[in-house]
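Subject: Structure handover and salt bridges

Hello,

Here is the structure I promised to pass on. Please open it first, then read my notes below.

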Amino acid sequence: MSLSLRYSGMTDCIIPDAINRTNFYNSFRDLSNLQRFKLPNRATDLDFVAYNCASLVEGFCGESTTSMRYGYYNCKNLKTAVCGNSVIDMYAAYDTCVNLIGKAACGPNVINMGQAYRNCGNLTTAACGNNVVNMYHAYYNCANLTGKAACGPNVIDMSYAYEHCGNLETAVCGCQV
């Protein structure tokens, strides 16, 4: 039986640092009532961790987290993005988090941010670290982005990165990020 069926009413989940587990792939997927969770700081894999958790209001990213692929996909009540210093892959991490507001997060070691903030229409400020290589669809359909379109010096793929972002005023690519 999946966790989402067994614990469908869960609103909070705290897993203490004493737990040695590092892989939390798919742990809370589709828990529609989950609002908050905390994992051990040694957690490395947050792929699909809170995928489709519509009630989630707070995200988590530990000191050791390296992957957030689809981690918060479709978390419609999430307001703030988080991304730690160890994160390398945030592909579709916040895709369709329609209520994210303010500034996007991108850690200094992120390489892949393809689709990271796609369809996050309430974001106002883009972010892109110096190590990012892939920005494919990164901010696609983020209509409320204003100011600068961010792009690090190592970006190779910017396909559709700022498609449907008509309020941007300036594009800056390369070392001026």
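**Salt bridges**

The count comes to five salt bridges, a salt bridge being a side-chain nitrogen of Lys or Arg within 4 Å of a carboxyl oxygen of Asp or Glu. This is a predicted model, where local features need pLDDT of at least 70, side-chain atom pairs count only at pLDDT 80 or more, and totals for chains, interfaces and linings use all residues. Residues are numbered from 1 along each chain as its sequence is written, and side-chain values use heavy atoms, without hydrogens and water.

Some background: side chains of opposite charge can pair when their charged atoms come close.

One of the bridges joins D17 and K38, at 3.9 Å from N to O. This pair links distant parts of the chain, 21 residues apart. D17 sits in the loop between β1 (12-14) and β2 (36-38), and K38 is in strand β2. Strands are DSSP runs (E, at least two residues), numbered from the N terminus. D17 is partly exposed at 38% relative accessibility. K38 is partly exposed too, at 32%. The cut-offs: buried is under 20% relative accessible area, exposed is over 50%, and partly exposed is in between (1.4 Å probe, protein chains only).

Another bridge is between D89 and R69, at 2.9 Å from N to O. D89 and R69 both lie in the loop between β2 and β3 (102-103), so the pair ties together parts 20 residues apart in sequence. D89 is buried at 15%, whereas R69 is partly exposed at 28%.

D30 also bridges to R29, with the closest N and O atoms 3.7 Å apart. D30 is partly exposed at 34%. R29 is partly exposed at 26%.

Best wishes

Definitions and conventions
Helix = DSSP H or I, 4+ residues; strand = E, 2+ residues; numbered from the N terminus.
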